[in-house]
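Could you walk me through this structure?

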Amino acid sequence: MLRLNICFSPIFLLFVYCMKSSSSSAGAAIGVGISKNCPNDHSDLSYFESAPKPCFKNPTTMELIKSLNQTSSTRQQGSSSSSSESDCTVWTKECSEQLLWLAKQPESVKWIKSVRRKIHQNPELAFEEYETSRLIREELEKMEISYRFPLATTGIRAMIGTGGPPFVAIRADMDALPIQEAVEWEYKSKNAGKMHACGHDAHVAMLIGAAKILKAREKYLKGTVILIFQPAEEAGNGAKRMIGDGAIEDVEAIFGLHVSHLHRSGIIGSRPGPLLAGCGFFRATISGKEGQAGNPHHSVDPVLAASAIVISLQNIVSREANPLDCQVVSVTSFNAGEDLDSIPDTVILRGTFRAFSNTSFYQILARINQVITEQARVFRCSATVELFENEDRIYPPTVNEEQMHEHVKKVSIDLLGPQNFMLAEPVMGAEDFSFYNQVIPSAFFFIGIKNETLGSIHTGHSPHFMIDEDILPIGAATHAAIAERYLYDRKL
């Protein structure tokens, strides 16, 4: 992996950027971790149209550096305090204000919204995010940010900072859902049956926005920020694959966010300890002996056995779990065939289970297997249970390490004010971010998108899901501040 070590004088940056913009190959950027001709790059696809841009038409990293230097100079001239207040040798509220100011520049806001809309129009399912990944890499190349690709098929690990320790990571997921979008707007999904119905397009845009801010402030970083663009959160445990491919190598802490329709737009919400539930699924086949419904004594009835199993499964939570420990076991499918005059030989049950601690989660998993097999025997039937442990269908609980949560809280309040941070309630939804926090200290947080005026009120995985795009610069600044401040605090 290559790393840039360039002295960022404004004249030199202007020269490099203009020379780069005039090049016919967008993939020739310095610091790129792999050639655009990589066979895994699906270079024959082209969902995202691009055209050569004149120098500084869009908010480039160099523009942000120039603006930042001008702002710092102005503040230093008008202040009797030392220059350490503006260069963040000592962290002050002014440092946070600089991050938010960069994120909210009009051209930056316009750019980050355009990135999100391109991704939204061209959603891609788990491990198929080839064009989304291409767009991300092109934006990183424009900013001259080095990266490694591919990880977990379409994933990216980018790097900003000194190239040395400490290393802190911020992560976004990239995949869409197999849902037909029902929202009628200019940037509606162009891919039939696919939709960014959980906000991952916004997650990617906010992380790219954070990359631009961090690159503009690279000289202030006291270590290295790792940007993780992860595939397959929804259906493939992409986090586990990214970890296996080295995405968090040398990383000592990781942070992630998710948009939330439960919180007012721009609000940051999190909590120490369990935030999101662990989630698993099961499929049980109950086998008996087929027979005529009019002569049930000649059959072994799996319908009766399955019915008893459904009721018995509810006792796991109601009679075995601590009432203060939230758990769920739900049977969501009961398939016994459609013949009204016969008793079938098999019944298939499907369902899900959730819990907020690993102990409770794996206890439920074991008890589901026991209850189904033993209850079937009571009715002279047999049962096989699939729990999909080896098929990436198990998501552990997402549990925030207390010190990491306090960091998110401190940074959010400093950046946005105490009125824009709240202690979030635990949610029964699941996230494969949990695989990261099984390996290194981490914190996950929400950013609110609820805006009744815009219609941004629908839950994720709804065909009517939409977001308030005004939160994009806020999320970008929050990502950047969490990472930069973490490195600063570690050097104290």
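Let's start at P150, which sits in strand β1, the stretch covering residues 146-151. This is a predicted model, so read everything here as a description of that prediction. The peptide bond leading from F149 into P150 is cis, with omega near 0°. Another cis bond links P165 and P166, this time with omega about -5°. P166 belongs to the loop that runs between β2 (155-161) and β3 (167-173).

Why stop for details like these? Most peptide bonds are trans, and most residues other than glycine have a negative phi. A152, in the loop between β1 and β2, has a positive phi near 50° without being a glycine. With a relative accessible area of 1%, A152 is buried. F388 also has a positive phi, about 55°, and is not a glycine either. You'll find F388 in the loop between β13 (382-386) and β14 (398-400). F388 has a relative accessibility of 14%, and since buried means under 20%, it counts as buried.

Now step back and take in the whole chain. It has 13 helices and 16 strands. Of its 492 residues, 54% count as buried.

On to the inside. In soluble globular proteins, nonpolar side chains tend to be buried together. The largest nonpolar core here has 73 residues, and the members touching the most others are L227, F229 and F255. Helix α13 gives the most to this core, with 11 residues. A second, separate core has 26 residues, including I286, V347, L387 and I394.

Is α13 mostly enclosed or mostly open? Of its 19 residues, 17 are buried, so the helix is largely enclosed by the rest of the structure.

H120 lies in helix α5, residues 106-121, and is buried, with a relative accessible area of 1%. Which residues does H120 meet, once neighbours within four places in sequence are set aside? The list is E181, W185, Y187, K188, S189, H196 and D201. With E181 there is also a polar contact, side chain to side chain, at 3.0 Å. The fold also brings together parts of the chain that the sequence keeps apart: H120 and A176 are 56 residues apart in sequence, yet their C-alpha atoms are 8.8 Å apart.

The other histidine, H263, is in strand β5, which spans residues 253-264. H263 is buried as well, at 7% relative accessibility. Leaving out residues up to four places away in sequence, H263 touches M422, A424, F446, G448, I449 and K450.

Let's finish with the cysteines. A disulfide is a covalent bond between the sulfur atoms of two cysteines. How many does this model have? The count comes to 1 disulfide. It joins C88 and C95, whose sulfur atoms are 2.2 Å apart. The torsion about their S-S bond is about -130°, so this disulfide is left-handed. Both partners are tucked away from the surface: C88 is buried at 2% relative accessibility, and C95 is buried at 0%. Two further cysteines can be set beside them. C326 is partly exposed, with a relative accessible area of 45%, while C381 is buried, with a value of 6%.

Conventions: Residues are numbered from 1 along each chain as its sequence is written. This is a predicted model: local features need pLDDT of at least 70, side-chain atom pairs count only at pLDDT 80 or more; totals for chains, interfaces and linings use all residues. Side-chain values use heavy atoms; hydrogens and water are left out. A disulfide is a pair of cysteine sulfur atoms within 2.5 Å. Buried means under 20% relative accessible area, exposed over 50%, partly exposed in between (1.4 Å probe, protein chains only). Helices (H or I, at least four residues) and strands (E, at least two) are DSSP runs, numbered from the N terminus. Contact means heavy atoms within 4.5 Å. A polar contact is a pair of N or O atoms within 3.5 Å; within protein, one must be able to donate a hydrogen and the other to accept it, and residues adjacent in sequence count only if both atoms are side-chain atoms. A nonpolar core is a set of buried Ala, Val, Leu, Ile, Met, Phe, Trp, Tyr and Cys residues joined through side-chain atoms within 4.5 Å.
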